[in-house]
Amino acid sequence: MQPIMTTILAIESSCDDTSAAVLRDDRLLSNVIASQKVHEQYGGVVPELASRAHEQNIIPVVDAAIRQAGIRKEEIDAVGFTRGPGLLGSLLVGVSFAKSFATALGKPLIEVNHLQAHVLSHFIASPPTPLLGGEGSRMKNDAPLSTPLSSAGEGLGVRPQFPFICLLVSGGHTQILLLRSHFDIECLGTTIDDAAGEAIDKAAKIMDLGYPGGPVIDRLAREGNPDAFRFATPHIEGYNYSFSGIKTSFLYFLRDRLKEEPDFIERHKADLCASIQKTIVSFLLKKVERAALDHHVRQVAIAGGVSANSFLRSELQRICQKHHWQALIPPFQFCTDNAAMVGIAAYFKYLQGDFADISLPPYTR
Ligand code: KG4
Ligand code: ZN
């Protein structure tokens, strides 16, 4: 007899990516992401434009996710959605769509916390065929949906085992978390001001590298010397972080240098990127290493948009090797915002019978 499987449709719309995914139990069948190019010219996400783009994208994205999964919509057992935190207008589009879709199908709704989803992305099982993984299926606004899904990304294969530490680093959050079970997650430390991704994006903006600057800094840093310049990191209690000072010292450093050498940024771009990246990554991982030692874990994970950073990934691996820990490094398609991570969180909630009421509003914080 075939075991009973659960099919989840998941929707993510908390910021500027519209995404839908289909999972069968913990296995991913499709993960479609429509990124919004419109914000680049403004150097950051414009909430009003984001919600408008979500409205345009949500139906084609969900349609593509169902088609690529090769299922009929009647096979869906539950609809998971990101309830918060995020931008209110953006969340409202996904939340309203999920509610209408679930109602039309007569299926239950499952609300998911966006941060929990990032962390739980490590539990997405490796795909059974080379259908999935890599960059996922990306839609640039109204571009065709035919991007083939390439082979699975790195990091797959190591099964997470509780308890483990996870560094959640994105454009909005920087937290060290201790996971004792899927839903027993203790926040050991957090940033008291800017998020790490925000600091990276601001450093990129100072150098006029465009938005979001994280991937650009990552790429340029590969050609640079990470020890070319030093930027001070603050002394903050416990496992907490602060990034606003690093950003300011970077700004003042450049202001002084530019007075003497007007083309300083142009001439030292790669070294500047490598140095600011090293400053931020070393600061992040020093506290993560401390937390892992103090809590006697054997595995250390990273999650969130900044976990796509190649230097963070290699440094985590180096530290884990030193201590004989396992590094849990997500495939790229699960680092930045995506619905697959919402789907896996919804799946675990489904197993617990934890369903959401249709009247639930989104939350921003
Ligand atoms: O998780 P995410 O997509 O959205 C939020 O929930 O914030 O994270 C976006 C952040 C941005 O700050 C972006 O610059 C950063 O992730 N990011 C990176 C890289 N790819 C994305 N930062 C450094 N290196 C990367 N390769
Ligand atoms: Zn996120």
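Visitor: Which pocket is taken by ligand 1?

Guide: This is a predicted model, in which local features need pLDDT of at least 70, side-chain atom pairs count only at pLDDT 80 or more, and totals for chains, interfaces and linings use all residues. Residues are numbered from 1 along each chain as its sequence is written, chains are lettered from A and ligands numbered from 1 in the order in which they are written, and side-chain values use heavy atoms, with hydrogens and water left out. A pocket is an open set of points on a 1 Å grid over the protein atoms alone, where a 1.4 Å probe fits, with protein on both sides within 12 Å along at least five of seven lines. Ligand 1 takes the space of the largest pocket.

Visitor: Which elements give two or more residues to the shell around ligand 1?

Guide: Helices are DSSP runs of H or I with at least four residues, and strands are E runs of at least two, numbered from the N terminus. Here the elements are helix H3 (114-120), helix H4 (196-206) and helix H5 (214-221). H5 supplies the largest share, 3 residues.

Visitor: Why does ligand 1 lie between domain 1 and domain 2?

Guide: Domain bounds come from an automatic or database domain assignment. Ligand 1 lies between domain 1 (7-153 + 335-351) and domain 2 (164-330) because both give residues to its shell.

Visitor: What polar side-chain atom lies 2.6 Å from an oxygen atom of ligand 1?

Guide: A polar contact is a pair of N or O atoms within 3.5 Å. The atom in question belongs to Asp 201. In the side chain of Asp 218, an N or O atom is 2.9 Å from a nitrogen atom of the ligand, while Gly 305 places a backbone N or O atom 3.0 Å from a ligand oxygen.

Visitor: Where are cis peptide bonds found, with omega about -10°?

Guide: One joins Gly 84 and Pro 85, and Pro 85 lies in the loop between strand E4 (78-84) and helix H2 (88-105). Another joins Phe 162 and Pro 163; the loop holding Pro 163 runs between strand E6 (137-140) and strand E7 (164-169).

Definitions and conventions. A polar contact is a pair of N or O atoms within 3.5 Å; within protein, one must be able to donate a hydrogen and the other to accept it, and residues adjacent in sequence count only if both atoms are side-chain atoms. On a 1 Å grid over the protein atoms alone, a cavity is a set of points where a 1.4 Å probe fits but cannot get out, and a pocket is an open set with protein on both sides within 12 Å along at least five of seven lines; lining residues have an atom within 4 Å of a point. A molecule sits in a cavity or pocket if more than half of its atoms lie within 2 Å of its grid points.
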